[in-house]
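Hi,

Here is the structure I promised to pass on.

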Amino acid sequence: MWSFFSRDPTKDFPYEVGDPIPGLEDRSVWSLHKGKKRGTQDEVSIFLFDVQKNSETLFDIAKASLKKLKTMRHPSLLHYLDSCETEKFLYVATEYVEPLVTHLEDMKLEGQQKELFLAWGIFQITRALSFFNNDGNMRHNNVCLYSVFVTSAGEWKLGGFEFLTAQGQDTSSPIPIKILPALEIYDPPEKNDPARLKSVTKCSSDMWGLGCLIWEAFNGPLKNQPALKTVDTIPKQLCTLYCELVSANPASRPNPADIITRCRKIGGYFKNDLIDTMLFLEEIQIKDKLEKVKFFSTLSSYLDNFPEAVCVHKILPQLLTAFHYGDAGSAVLAPMFKLGKLLEEEDYQKQIVPCVVKLFASNDRTTRSRLLQQLDQFIMHLQNSTVNDQIFPQVVHGFLDTNAIIREQTVKSIIHLASKLNYNNLNVEVLKHFARLQSKDDQGGIRTNTTVCLGKIAAHLHPQIRQKVLVSAFVRATRDAFPPARQAGVLALAATQQYFLLAEVANRVLPALCPLTTDPEKQVRDAAFRTIRGFLGKLEKVSEDPSLKEGMEADVHTATPSLSNAAATWAGWAVTAVTAKFYRSHSDTARVQHSVKSALSKPGSLEQPSSSSMSTTTSSVTSMTSLEHSESASDYDPEHWDMTAWGEIDSSAGTGTGASGKSPASSGSAQATPALAALCEDDWDGEWGTLQEQPTAEADLASPSETWNNATWSEAVISSANSAHATYVRGPARLAHNTTPTPTLTPTQQHSTDSLAGWEDTEFEPIEENADENNASKMDEMRRKREERKLQRQREMEARRSARGQGPMKLGTKITGPPPPF
């Protein structure tokens with residue numbers, strides 16, 4: 001029974017005392033130790049008072065400060081957790097902190113980050129003193145470098161409540177006597193001047209301490225009071241206020257509430273991005289949705305200037321909370337992913353990855369778009385199983401989205417996902433959608449970027465699938481009506497040349513490239529000539545030295561080929577869907593003719609206003625004019641056409657290639673040509689397979705800010721534009737393939753390859769016989785019909801004029817019959 005009453009109280013104290021933390025030795029009645037909570041191992045701080053080594057007076061002061069710490073709650077005050085008293089020690093557990101003096105000595109911050117950190121800390125202490133002096137009618141009486149502590153989040157917390165007194169407390173002096181001699185240096189000058197004691201206010205002693213703290217924050221520990229006159233290191237914004245704080249007259253020292261009001265004005269010391277951000281996060285629960293969206297949208301631009309500790313331990317938890325329980329929406333994603341880079345891998349898996357998985361299941365287009373745009377920022381942290389089982393099934397829906405921007409971004413996202421996808425997802429599902437997009441999507445930019453993406457992920461494809469798909473897909477691209485798509489097909493063949501058998505090069509690749517040497521676009525022709533010379537060089541080397549063949553075909557059947565070529569950066573994103581519109585209005589025609597080097601506007605973000613804004617929740621493909629329409633008829637001289645019959649000659653525009661020498665899909669050569677020139681400036685450096693991407697290619701080709709003309713285009717333009725360059729039919733003939741053994745597929749994998757019929761070789765057999773004769777006859781027929789329609793309209797107009805008897809008649813006009821009745 002007696003053992004029950006005599007047991008050790010520390011057994012009920014759920015914290016373990018660790019190593020001591022230096023800094024408080026002779027300036028506090030407490031010694032500071034590291035600590036951990038039993039069970040969870042969360043870090044805490046333990047303030048320890050040795051009862052046996054200290055006097056009874058100090059013990060009473062320690063117990064009084066503990067009592068005050070228990071009852072004080074404020075964001076800028078030290079947070080109390082638990083306490084325990086034994087015969088030997090008095091234990092107090094608080095949030096994990098370290099003394100400010102130690103933190104400043106070890107701090108590695110410089111420049112703006114240091115300035116913001118000190119401003120935020122001084123603001124917090126000023127706010128804590130305002131709470132004491134104005135709300136609590138108390139004096140702290142111990143404000144100095146050794147009574148302030150810093151949390152892991154970089155927040156300054158005021159502690160050291162040993163000498164705290166109430167405003168109405170009966171004492172012989174308003175300024176208490178400090179037992180510790182080392183703290184007497186912080187006593188205000190009026191303590192020893194009875195005449196000035198009469199003018200002491202409720203906050204004068206604490207404001208003197210605040211002045212000392214400001215000086216120490218910029219200069220280090222205070223050695224003597226005369227040093228306070230040195231203001232060289234104190235910011236100019238703070239000098240006037242600092243001089244008021246250390247004034248010899250206590251009545252002239254300002255109230256802490258007035259300090260905050262003054263310094264929070266524009267140009268004040270407390271008016272900066274960090275303090276604005278932290279105060280907004282503290283009040284985020286009472287902010288409306290529009291304010292939150294605006295705040296999170298601009299937050300990313302400030303984060304680089306904020307201290308890392310503040311970002312990771314203070315801002316990021318607030319962002320995660322806003323994501324889970326708030327209504328900030330997708331605006332929170334950009335800063336959240338940016339701060340996620342600062343986390344350790346284990347913390348990233350716990351905090352960010354669950355959010356990513358949850359976001360991919362969202363039906364909101366804006367959220368999906370931003371996720372796809374920022375995929376490169378977090379893909380390296382995702383496990384393969386997570387990507388295949390939880391993320392890819394959601395991403396694949398984007399291939400079928402009615403919004404062209406989502407489709408395009410989904411295509412681009414495969415580059416980041418390819419290395420983590422399993423066989424079925426990559427070699428079956430992705431290629432199935434790529435085949436459909438490349439052949440049937442109405443946006444030329446999406447078709448182009450599908451070809452680009454396929455070239456970039458070629459190294460991750462199964463060798464047997466790769467050999468079956470690449471040539472067929474790239475040859476299809478070379479026959480596209482959109483010039484950048486044709487050029488992308490040529491560059492893709494060059495970039496993936498190590499995956500082709502030499503027999504394929506001779507029998508399939510070169511025959512497909514040769515027609516492009518007469519392409520209407522010079523840049524396409526230039527790329528074709530360079531690529532043909534490269535392939536011919538390979539064949540010539542092997543012809544001279546057949547032993548080189550094995551080395552040149554080494555990667556064809558390799559599951560993980562070397563990336564010795566420039567496949568990773570071979571073309572860049574040629575154009576962007578919807579936004580890269582090679583369109584020139586009628587008013588710009590004359591100006592463009594005089595300046596062939598007219599440049600397209602630079603790419604913009606989705607947030608910028610455009611004709612295809614992401615705010616439209618039910619956008620459909622039919623609401624966007626087809627990109628092929630802007631690819632044709634935009635480079636023709638208006639003087640060559642009867643503008644009154646513009647809508648009736650569209651069908652003939654596509655077949656005028658032979659006579660005019662221009663392709664209807666040339667996308668406005670006066671404006672598209674400079675853009676294609678930027679794309680095609682790949683420097684081969686005299687070495688086959690080395691293609692260097694021009695950084696300005698994407699900027700020249702993509703112009704999201706351009707708006708579309710609302711003209712309605714007929715289906716005849718699409719069909720004629722496609723037929724002008726290539727006509728394909730299914731046929732039984734196949735080109736012979738090399739019978740070199742390749743890695744075999746399992747029965748399941750072999751069965752899954754049957755779904756790749758979209759890129760079967762038989763689908764791309766061109767009709768070569770009578771092709772020129774058919775095109776010529778069609779061209780003549782359309783020209784004849786056009787002339788007949790023009791004559792018919794002219795007769796009708798003249799008849800109406802003569803019937804009305806108004807307006808002059810054109811010279812040489814003959815009235816061939818009586819006017820029609822009205």
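Below is what turned up among the side-chain contacts.

A word on the basis: this is a predicted model, where local features need pLDDT of at least 70 and side-chain atom pairs count only at pLDDT 80 or more, while totals for chains, interfaces and linings use all residues. Residues are numbered from 1 along each chain as its sequence is written, and side-chain values use heavy atoms, with hydrogens and water left out.

Let's begin with the rings. There are 18 aromatic pairs in the structure. For Phe, Tyr and Trp (its six-membered ring), a pair means centres within 6.5 Å; planes under 30 degrees apart are stacked, over 60 edge-to-face, and the rest tilted. One of the pairs is Phe89 with Tyr91, which is tilted, with 5.9 Å between centres and 45° between the planes. Phe89 is partly exposed at 24% relative accessible area, whereas Tyr91, at 11%, is buried. (Buried is under 20% relative accessible area, exposed over 50%, partly exposed in between, using a 1.4 Å probe and protein chains only.) These two also belong to an aromatic cluster with Phe13 and Tyr15.

Another pair, Phe123 and Phe270, is edge-to-face: 5.3 Å centre to centre and 80° between the planes. Phe123 lies in helix 4 (111-135) and Phe270 in the loop between helix 8 and helix 9, so the pair ties together parts 147 residues apart in sequence. Helices here are DSSP runs of H or I with at least four residues, strands are runs of E with at least two, and both are numbered from the N terminus.

Now the charges. The count of salt bridges (a side-chain nitrogen of Lys or Arg within 4 Å of a carboxyl oxygen of Asp or Glu) comes to 24. One of them joins Glu190 and Arg253, with the closest N and O atoms 2.8 Å apart. Glu190 sits in the loop between strand 10 and helix 5, and Arg253 in the loop between helix 7 and helix 8, 63 residues apart. Both Glu190 and Arg253 are buried.

What about Glu781 and Arg784? Their side chains meet in a salt bridge of 2.4 Å, N to O. They are three residues apart in helix 33 (771-804), so about one helical turn separates them. Glu781 is partly exposed at 30%, and Arg784 is partly exposed at 39%. Salt bridges with shared partners join Glu781, Arg784, Lys785 and Glu788 into one network.

Happy browsing!
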